[in-house]
Structure formats: C-alpha cells, structure tokens
Amino acid sequence: MLYRQDLKEIKPYTSNAIDPKDIRLDANESPFGLPSQILDQFLDWLQKKPGLNRYPDNEATVLRNQISKHYNCNEDNLIIGVGSDSLIDSALRCWLEEGDTVLFPEPSFSMYRLSTIINHGIPETFPFDKSFQYKLEVIRQRISEVKPKVLILCSPNNPTGSTLSIDMIENILESFHGLVIVDEAYGEFTVGTAADLIDRYHNVLVLRTFSKALGLAGIRLGYGIGNQSLIEILNKTRPPYNINALTLQLGSIALENYRLIEPHIKDIKKETKWLSNQLSKRPFIKIFPTEANFIFAISKKKDLGERLKKQGILIRSLSKEKGYYRISCGSREENNRLLHELDVIEKEG
Ligand SMILES: *Cc1c(COP(=O)(O)O)cnc(C)c1O
C-alpha cells in the first residue's frame, strides 16, 4: 500500500492484554478507584440529562479555570489534551520540520520516540549515569552534538524514577532555545514543578495528567502548562472539541474534590517506600530509588516478567538483554502477592 515509507519501521504502542483477574503492576495506574462522592456527583450530572447531542465546550473553560488555580497561573497558560500523550504529539507537530532532531533520555517513555518519528523528526537520546541519575554535563554535551529542536525531560523519569531539580531545568533553559518539554506525569508524587518557570522562559512546556496520581487513566485527560505565546501555538493544531463532555465533567468534579484524592496520593507514596524496602531484601533484584509510584528494577533472573505473568501478575518488562523491569506500586494486598510470587520464583531457581 502507498502509505508513508517511514511508518513501516514503526510498531504501534502496545500494552499487556487485560484479564480482569490479573494484578496489574505494569502501567503505573493508581490502585484506588474513584472516591464514591465524586462518582455520585458525576451520576447526578448524568441524571440531569446533559445535552450530549451538543458538542462539548471547545475551550474547556471550567476545567482550565480550575487547573489555573492549582498552579497560580492564568487560563491562557493551559491547554487540555486527550491524555498528555496527545500533547506530546501536538507539540512535536508544531515544532518539527522534516529532519529536525528531538533529544530525550534513554531509557524513558516510549512515546517520545514514536511521536518523533510520526512527526518526521529524528530521535536522539542521552544516557543517565551509572545509578540512573540525570547529569547536566551529559545533557549539555548531547545538545551541542545533535542540536535538537526539541528537548524532552521526564521528571520523575519513567521508568527509572530519576528526577531533575528546577534549578537544573532552569540551567538548561538559560542556554537552550528550542522547545523544552518537561513531562511531569508523576509530578504529584514529588514536590515542585517546572510550571514555576513559564513566565521567565517562553520555550518550556510542562505536561501533567489525570492518569497516574489522580487515578483517572480511564478518562484520557492531560494538560500542558506554558507561556501564553507557546499555548497559542499549540492551539493551532489542537483538534476541535478534543475533550469529550463526559471527561470534561468528571475531570472537573475530581478537581473540585481534590481533597478526597490527596490521601490516596499520600498512601501510594508510603506504600511505594514499603514495597521498595521489601524488594531490596530480595538478592536477585536490584532496585533504584524512586520518587514516583513505580520502581525500576534490574534482575538477571531469566524470564521474570513471563513467570510472574503466568501467576497472574503483570509488571513491565523493558529490556530482556539488560534485565530491566518497571514495577508499579499496587495495593498492599497486590504488593504482597507480588512479593510472594517472587519468593516462589527464587526458590524454584
Ligand atoms: C503515563 C505517562 C504519560 C501519558 O499519560 P496520559 O495522560 O495517560 O497520556 C506521559 N508521560 C509519561 C512519562 C507517562 O509515564
């Protein structure tokens, strides 16, 4: 077929097949369902027969207003996306011309490479140090080598959990004038945000999502925070009515009741520490410090991912040769099942 040649090398984004019985520690989702008060308010709204025959609010006015209060910014500093995935794509679509380079860390979120290629760009990577920490000199060196149009930084980084301080990001922004995307998909689990930099640096776009800490992966809702001039550019390629009415409403009710979700975030942080501690006692797994709701692990145990899967536990297998895995923090019950199965696997050898 006569479709784009450069797409031939692309494999679609894949996730594990879903069996409802499986314990899912593979997608960094929240183990918590929505607080019932939030669901009830949503059902009330549905019962009042909202006009779903009409298009939703193209400007997502209510939601942008609510989010702006969280960041002490203006509605004009915000753009809403169908998950933050779609905003990565929008940004690259606006910035890249054929053959432009996009620089991002390795290992990191697989969509950076995919979105770059889809948007006619050339993916380039920079490494972490031996303990998977960001190194400013390495990033600067790679910037001068590959001269990227766009730099993507992920903090905390998926899958390594590594973080960049705001000072480090600012340091890069002082000399790099391409677009800098700071992906804070796990930002709620840490302190600070690069959104504090948007007034001083007009080329920084901060991405956040409802999918992880807020426990709403199912509604596909994310947002970008940036200088008004940058958001105006992104809006040029935003599809009309991109956020559906149900998602807009539920997202808005969730933010209104953020105080009910906050305890979940605290719990997940505590539980991740507990799980890290337990995993660190297993000699066949090496784990790394994390500030997110997942743990980066290296294990030479053969087929660890497949063996857990047979027992109904899904973790993310990242690299077979290197033995890289990413384990999302589940509920205590789920985490205990994981630890139990790991112990069984260890005994079996
Ligand atoms: C999960 C994840 C996203 C995608 O979030 P959505 O809002 O669900 O599209 C973006 N970036 C990183 C690093 C992620 O891990």
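Where is the place of Asn 293 among the strands β9 and β10? Asn 293 sits in the loop between β9 and β10, where helices (H or I, at least four residues) and strands (E, at least two) are DSSP runs, numbered from the N terminus.

Before I go on, please keep in mind that this is a predicted model, in which local features need pLDDT of at least 70 and side-chain atom pairs count only at pLDDT 80 or more, while totals for chains, interfaces and linings use all residues. Residues are numbered from 1 along each chain as its sequence is written, and side-chain values use heavy atoms, with hydrogens and water left out.

Let me stay with Asn 293, which is buried, with a relative accessible area of 0%; buried means under 20% relative accessible area, exposed over 50%, and partly exposed in between, with a 1.4 Å probe and protein chains only. If we leave aside neighbours within four places in sequence, Asn 293 is in contact (heavy atoms within 4.5 Å) with several residues, among them Asn 28, Tyr 186, Ile 268 and Ile 327. A polar atom of the Asn 293 side chain lies 3.0 Å from the backbone oxygen of Asn 28. That is a polar contact, meaning a pair of N or O atoms within 3.5 Å; within protein, one must be able to donate a hydrogen and the other to accept it, and residues adjacent in sequence count only if both atoms are side-chain atoms. Asn 293 and Lys 273 are 20 residues apart in sequence, and their C-alpha atoms are 9.1 Å apart in space.

As a reminder, strands of a sheet pair through backbone hydrogen bonds, either parallel or antiparallel.

Strand β12, residues 324-328, pairs with β11, residues 313-319, in the antiparallel sense over three bridges, and Arg 316 stands opposite Arg 326 in β12. The pairing of β10 and β12 is antiparallel too, over five bridges, with Ile 295 opposite Ile 327 in β12. In the hairpin of β11 and β12, with four residues between the strands, Gly 323 takes a positive phi near 70°.

Why is β12 described as largely enclosed by the rest of the structure? Five of the five residues of β12 are buried, so this strand counts as largely enclosed. In a regular strand the side chains alternate between the two faces of the sheet. In β12 both faces are covered, with Tyr 324, Arg 326 and Ser 328 buried on one side and Tyr 325 and Ile 327 buried on the other.

My last topic is the aromatic rings, of which a search of the whole structure finds 15 pairs. Rings of Phe, Tyr and Trp (its six-membered ring) pair if their centres lie within 6.5 Å; planes under 30 degrees apart count as stacked, over 60 as edge-to-face and the rest as tilted. Phe 42 and Trp 45 form a stacked pair, 5.7 Å centre to centre and with 25° between the planes. These two are about one helical turn apart, because they are three residues apart in helix α1 (residues 36-47). Phe 42 counts as buried at 11% relative accessibility, and Trp 45 counts as buried at 19%.

Phe 126 and Tyr 134, by their angle of 45° between the planes, form a tilted pair, 6.1 Å centre to centre. Phe 132, Phe 288, Phe 296 and Tyr 324 form one aromatic cluster. The charged end of Lys 286 sits over the ring of Phe 288, 4.9 Å from its centre, and by definition a charge sits over a ring if NZ of Lys or CZ of Arg is within 6 Å of the ring centre and within 35 degrees of the ring normal. Likewise, the charged end of Arg 332 sits over the ring of Trp 274, 3.7 Å from its centre.

Key: Two strands pair if DSSP finds at least two bridges between them.
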